[in-house]
Structure formats: C-alpha cells, structure tokens
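I opened my notebook for a slow look around this one.

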Amino acid sequence: METRECEGWSLYCIFCWDSSTESLARIKSNIFLIKLFFSGLEFDLNIVTLPWNEEINNLMPKYGHLNINIIDNIIERFLKEIGVDSLMANKWADRRKGMLLVLSGYRANLQIINLLGHSTTIFRLVLMTMKFWFQNHSIYGGKFGFINGTTLAILICNIILKNPHNNSIIKIFKEFMEIYSQKNFPQINLNKTIIKQKWIEELDEKINWNSEKEISDRKEHFKLNFNPEMEEHTKIVWAVITPSFPEQNAAFNINQSTATIIRNELIEDGRQLLYFFNTSSEGISNLRPRSHKRLTIF
C-alpha cells in the first residue's frame with residue numbers, strides 16, 4: 001500500500017491517505033467542492049455548513065438518509081435563518097447561496113427517485129450508459145457548455161415518466177435521440193407534476209425559476225454591458241428545470257454553439273449507441289472511458 005503523508009484530519013486528508021483514491025482535487029468557488037476519483041468511481045462532494053440551532057439539529061436523522069420532507073424543512077429553516085431578501089441581494093455570488101443550491105440539488109435527486117418509483121433500476125442503467133457515451137463524444141461537462149449530470153438525469157427521467165412501462169433500454173435510447181436532437185428543444189419541467197408545500201408556493205415568485213429571471217441572470221453572467229458581442233448568449237437555448245427548491249435551469253451553460261454540437265452528435269453518432277446494444281454483449285463496457293492510474297492531488 002502506498003504511504004501518503006498528510007498533517008490534517010479533514011475529509012480531504014482522509015481521502016488523501018486512502019490508497020483507493022486515484023485522483024483528488026479541492027476546488028474553492030461559491031461552494032467548497034472536492035472532486036474525487038475513488039476505486040474507479042468519480043464523485044463531486046459539496047460541503048454545506050448549516051446554521052446550527054436545536055431545531056435544525058433535531059431534523060437530522062441519526063441513521064439513514066434524508067428524505068424529501070426533512071430536506072424541505074432544512075431548506076425552509078435555512079432560508080429563515082439567513083433571510084430570503086439578503087440571500088437574493090448578491091445575485092447568487094454569496095457562499096450561503098451556493099450552499100442553498102447544493103441542498104436544492106440534493107432535493108432534486110431525491111425527487112427524481114420518488115417520481116421514478118419502481119423504474120429506478122432501468123433509470124440508473126440508462127443514466128450510467130448515456131453518461132459514458134456523452135463523455136466519449138466530448139459533449140459532457142456543464143462548465144464547458146455541454147450536458148451535465150443533472151441535465152442528463154432529468155432528460156432520461158422525463159422519457160421514463162411518459163412511458164413508465166417501457167423497460168427496453170434500446171427504446172429509451174431511441175426516444176432520447178429522437179426527442180432531444182430536435183432543433184427546437186422542448187422545455188422540460190418535472191415540477192409541473194409535483195404538489196408543493198405552502199411555504200414554497202409563497203416564495204415561488206421571489207426565488208424560483210422563470211424565463212425573465214434567467215435572461216436577466218444571463219446578461220449579468222456574460223457581462224453584456226461590457227461586451228455586446230455576448231448578446232447571443234442571453235438567449236435560453238435549453239430549459240431543463242430541476243425538481244427542487246429553488247428551481248434552477250440545469251442546462252444554463254448550454255449555448256447556441258454547444259447545443260448545435262450536441263444535436264449533431266445525437267443525430268450522426270447516436271445510432272452507434274444503439275448498434276452496440278443490438279450487436280454486442282459488451283455494449284456498456286465498450287462505452288466506459290479509461291480510468292486514471294496515477295494519483296493526482298491539486
């Protein structure tokens with residue numbers, strides 16, 4: 001076993017010690033993030049610190065995972081503690097806002113699982129395979145304006161929910177290619193089928209997603225006032241709304257150029273994915289990207 005020296009006892013240091021860690025990076029932005037490649041699997045670990053009080057402490061289960069009701073209560077108390085108006089004042093640059101979005105993202109994952117019900121197994125298999133396919137075609141990565149994990153999960157979930165009795169992976173792939181390769185991309189919003197709690201409905205107008213707010217955010221994000229050439233990027237190309245609170249457009253970074261690239265890949269090379277499953281018993285393994293062999297710590 002490789003010996004690794006580290007002076008701290010942080011979560012980052014613990015992963016650094018472990019010989020199963022192949023790649024490790026610590027990223028500081030509006031939220032602390034650890035990117036981890038561990039035992040052949042890739043993880044993004046977001047760190048959230050909640051304002052401590054007895055009420056929030058009592059919400060935390062001693063065993064097991066957080067469910068929708070618990071995470072909603074945590075978000076509600078988080079907002080009360082910080083204050084919605086002060087939280088919204090800094091245009092999502094504040095670290096607390098980053099933490100709120102992490103909680104929101106976790107809620108979205110729980111909500112997707114709840115919506116899928118007994119279809120979670122087929123969903124996970126399709127999601128894993130599609131992720132490998134997108135990675136191998138260099139159209140995966142939200143920071144670069146391509147598909148990210150949340151967007152991909154919502155798109156697949158949307159297809160399965162429309163036909164929950166469809167257990168054919170090949171048919172789901174085919175529908176994915178046909179629906180999402182259209183030039184006029186359909187707006188996907190899973191929240192339309194979800195009954196919201198009263199306090200969420202009361203804050204909808206202040207904090208949730210709508211096209212006007214996104215266009216405003218895009219103008220600020222791309223510094224339109226300083227660079228008129230970025231006007232094209234203020235247009236909403238893909239709207240894939242997370243089943244979370246606050247709602248977010250998971251496909252915010254997809255622009256006209258990257259959308260065209262994604263569409264072309266789906267049309268031209270999407271057939272290759274179906275070919276693997278029609279002709280090869282090694283379909284999924286052939287799509288798996290090569291894993292890293294060396295430990296890299298940044």
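This is a predicted model: local features need pLDDT of at least 70, side-chain atom pairs count only at pLDDT 80 or more; totals for chains, interfaces and linings use all residues.

How much helix and how much strand does the chain have over residues 112–134? I looked it up: the chain there is 87% helix and 0% strand, and the end C-alpha atoms are 21 Å apart. Helices (H or I, at least four residues) and strands (E, at least two) are DSSP runs, numbered from the N terminus.

Residues are numbered from 1 along each chain as its sequence is written, and side-chain values use heavy atoms, with hydrogens and water left out.

**Record spans.** UniProt, in an unreviewed entry, lists residues 112–134 and 140–161 under "transmembrane region"; its positions are in the numbering used here, feature names are shortened, and annotations may be inferred rather than shown by experiment. I checked residues 140–161 too: the span is 59% helix and 0% strand, with its end C-alpha atoms 24 Å apart.

I found strand 2 (residues 32–38) running antiparallel to strand 3 (residues 41–47), joined by seven bridges; strands pair if DSSP finds at least two bridges between them. Ile34 stands opposite Leu45 in strand 3. Two residues lie between the strands, and Ser39 takes a positive phi near 50 degrees.

Most residues other than glycine have a negative phi, and most peptide bonds are trans. Ser39 is partly exposed, with a relative accessible area of 47% (buried is under 20%, exposed over 50%, partly exposed in between; 1.4 Å probe, protein chains only). I noted Ser138 as well, with phi near 60 degrees, in the loop between helix 6 (120–136) and helix 7 (149–162). Ser138 counts as exposed at 57% relative accessibility. The peptide bond from Phe245 to Pro246 is cis, with omega near 0 degrees, and Pro246 sits in the loop between strand 5 (240–241) and helix 11.

**Ala108.** Where is Ala108 found? I placed Ala108 in helix 5 (residues 95–116), and at 3% relative accessibility Ala108 counts as buried. Leaving aside neighbours within four places in sequence, Ala108 is in contact (heavy atoms within 4.5 Å) with Thr242, Pro243 and Ser244. Ala108 and Asn191 are 83 residues apart in sequence, yet 9.8 Å apart in space, C-alpha to C-alpha.
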